[in-house]
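Work through these exercises with the model on screen. Try each task before you read its solution.

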Amino acid sequence: MSAGIILIGNESRGLSEETLRRSSHHITIPRLGQAESLNAAVATGIICGRLLI
């Protein structure tokens, strides 16, 4: 695994356009069911958990 930085945007503002332009990979979590959004901490936990697989 190579080193990197995970940037998490908040629900209302997300990440800035400049940050998105400078990033090399974009990760999204598929939305299932009727949930509208995930708390940023919960989303971070899901992403980190998947990186360990």
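**Exercise 1. Sort the lining of the largest pocket by class: how many residues are nonpolar, polar and charged?**

Step 1. Ala, Val, Leu, Ile, Met, Phe, Trp, Tyr, Cys and Pro count as nonpolar; Asp, Glu, Lys and Arg are charged; the others, Gly among them, are polar.

Step 2. Sort the lining. There are 19 nonpolar, 13 polar and four charged residues.

Step 3. Know the source. This is a predicted model: local features need pLDDT of at least 70, side-chain atom pairs count only at pLDDT 80 or more, and totals for chains, interfaces and linings use all residues. Residues are numbered from 1 along each chain as its sequence is written, and side-chain values use heavy atoms, with hydrogens and water left out.

**Exercise 2. State the volume of the largest pocket, and find which helix gives the largest share of its lining.**

Step 1. Define the pocket. On a 1 Å grid over the protein atoms alone, a pocket is an open set of points where a 1.4 Å probe fits, with protein on both sides within 12 Å along at least five of seven lines; lining residues have an atom within 4 Å of a point.

Step 2. Give the volume, the space filled by probe spheres set on the points. The volume is about 1,200 Å³. Of the 36 lining residues, Leu7, Ile8, Ile27, Thr28 and Ile47 are the closest to the pocket's centre.

Step 3. Turn to the helices (DSSP runs of H or I, at least four residues). α1 (17–22) and α2 (40–51) each supply at least two lining residues. The largest share, five residues, comes from α2.

**Exercise 3. Trace the salt bridges: which residues are linked in a network?**

Step 1. Recall the idea. Side chains of opposite charge can pair when their charged atoms come close. A salt bridge needs a side-chain nitrogen of Lys or Arg within 4 Å of a carboxyl oxygen of Asp or Glu.

Step 2. Count them. The structure holds two. Arg21 pairs with Glu18, with the closest N and O atoms 2.6 Å apart. Glu18 also meets Arg22, at 2.4 Å from N to O.

Step 3. Join them. Glu18, Arg21 and Arg22 form a network.

Step 4. Check the spacing. Arg21 and Glu18 are three residues apart in α1, about one turn. Glu18 and Arg22 are four residues apart in that helix, so about one helical turn separates them.

**Exercise 4. Is Pro30 buried or exposed?**

Step 1. Locate Pro30. Its place is in the loop between α1 and α2.

Step 2. Apply the cut-offs: buried is under 20% relative accessible area, exposed over 50%, partly exposed in between (1.4 Å probe, protein chains only). Pro30 has 65%, so this residue is exposed.
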